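Please keep the sequence and the model in view while reading.

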Amino acid sequence: MALQIVTIPCLADNYAYLAHDPATGATAVVDVPDAAPVLAALRARGWTLSDVLLTHHHADHVQGLEGLLAQAPARVIGAAADAHRLPPLDLAVADGDTLRIGHEIGHVLAVPGHTLGHVAYHFPDSGAVFTADSLMALGCGRVFEGTMEQMHASLARLAALPPDTLVFSGHEYTAANARFAATIDPDNPRLAARIREVEQTRAENRPTVPTTLGEELATNPFLRAHDGAIRARLGMADAPEAEVFAEIRRRKDRF
Ligand code: ZN
Ligand code: FE
């Protein structure tokens with residue numbers, strides 16, 4: 001039985017997610033930008049928190065943890081590499097590790113770039129991956145700590161997951177990402193269609209997440225550094241893929 005996943009808007013534009021295993025009642029939250037909306041979502045469904053999955057140490061992903069644990073004690077899981085700057089962890093994980101939420105098995109993927117210790121959590125049986133500030137809908141996180149090569153390699157690993165995988169990212173940045181994507185890949189009809197969809201969704205104040213990996217592969221410029229039209233437009237027809245990615249990322253930083 002697949003995880004039931006609930007999207008919880010937090011702060012101005014963050015997302016936390018509940019992942020509930022109906023077979024056992026186990027319930028994880030992925031990132032805790034703010035305790036109150038997570039507690040409200042748990043109460044509304046009568047679910048008891050069992051686990052907290054942290055993707056990275058930035059305040060907008062962990063600052064609600066203490067308040068949450070005070071009312072809903074749970075096992076806290078995060079990257080061993082960043083244990084020194086994450087809240088206290090009950091389980092420190094690294095690339096390739098697996099963990100269980102009830103009967104569901106999650107795989108830890110190290111996806112450095114935005115931060116050095118950033119991890120994603122992939123649940124293959126549910127077809128879901130929690131990517132926070134690595135792969136985002138029509139975008140990717142800013143490269144603060146790692147190198148462009150690291151971020152490119154991290155996105156390539158995520159891109160290799162099954163295309164029907166649902167991608168749960170950490171922020172509602174999709175409308176701004178769409179405006180930028182249009183400047184990089186203006187002749188892509190699927191991108192044009194998606195931009196109209198994103199505008200409609202946001203006009204109705206609904207989340208644009210999750211998205212599917214297949215949709216990202218077709219429309220997210222940060223996964224399309226191999227694309228001939230994009231390369232031609234950037235004047236980088238023969239450049240290595242990581243360099244094309246880096247150029248797109250730099251342009252987004254200035255956008
Ligand atoms: Zn971040
Ligand atoms: Fe963030």
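The sections below treat the metal sites, then the packing of helices, and then some individual residues.

This is a predicted model, in which local features need pLDDT of at least 70 and side-chain atom pairs count only at pLDDT 80 or more, whereas totals for chains, interfaces and linings use all residues. Residues are numbered from 1 along each chain as its sequence is written, chains are lettered from A and ligands numbered from 1 in the order in which they are written, and side-chain values use heavy atoms, with hydrogens and water left out.

## The metal sites

Donors are N, O and S atoms within 2.8 Å of the metal (3.2 Å for Na, K and Ca); water is not among the atoms, so sites may look incomplete. Helices (H or I, at least four residues) and strands (E, at least two) are DSSP runs, numbered from the N terminus. Both His58 and His114 are buried. Buried means under 20% relative accessible area, exposed over 50%, and partly exposed in between (1.4 Å probe, protein chains only).

The iron ion (ligand 2) is coordinated by Asp60 (OD), His61 (NE2), Asp133 (OD) and His171 (NE2), at 2.1 to 2.4 Å. Its donors are spaced D-H-x71-D-x37-H in sequence. Asp60 lies in helix α2 (residues 59-62) and Asp133 in the loop between β10 (128-132) and β11 (135-136), so this pair ties together parts that are 73 residues apart in sequence. Asp60 counts as partly exposed at 21% relative accessibility, whereas Asp133 is buried, with a relative accessible area of 3%.

How far apart are the iron ion (ligand 2) and the zinc ion (ligand 1)? They are separated by 3.1 Å, and Asp133 coordinates both.

## Helix packing

| Helix pair | Distance between axes | Angle |
|---|---|---|
| α5 (residues 174-184) and α9 (residues 241-254) | within 11 Å | roughly 130 degrees |
| α4 (residues 148-159) and α9 | within 9 Å | roughly 105 degrees |
| α5 and α6 (residues 189-203) | 10 Å | about 155 degrees |

Axes are lines fitted to C-alpha atoms, for helices over the stretch in contact, and angles run from 0 to 180 degrees between N-to-C directions. Helices α5 and α9 are therefore oblique to each other, α4 and α9 are roughly perpendicular, and α5 and α6 are roughly antiparallel. Angles under 35 degrees count as roughly parallel, over 145 as roughly antiparallel, 65 to 115 as roughly perpendicular and the rest as oblique.

Between α4 and α9, Met148, Glu149, Met151, His152 and Leu155 of α4 meet Glu241, Ala242, Phe245, Ala246, Arg249 and Arg250 of α9. Contact means heavy atoms within 4.5 Å.

## Individual residues

Tyr17 belongs to strand β2 (residues 14-20) and is buried at 2% relative accessibility. Leaving aside neighbours within four places in sequence, its contacts include Ile5, Val30, Phe130 and Phe168.

Glu215, in helix α7 (residues 213-219), is buried with a relative accessible area of 19%. Beyond neighbours within four places in sequence, Glu215 is in contact with Arg190, Arg194 and Asn220.

Arg85 is situated in the loop between β5 (75-79) and β6 (91-93) and counts as partly exposed at 29% relative accessibility.
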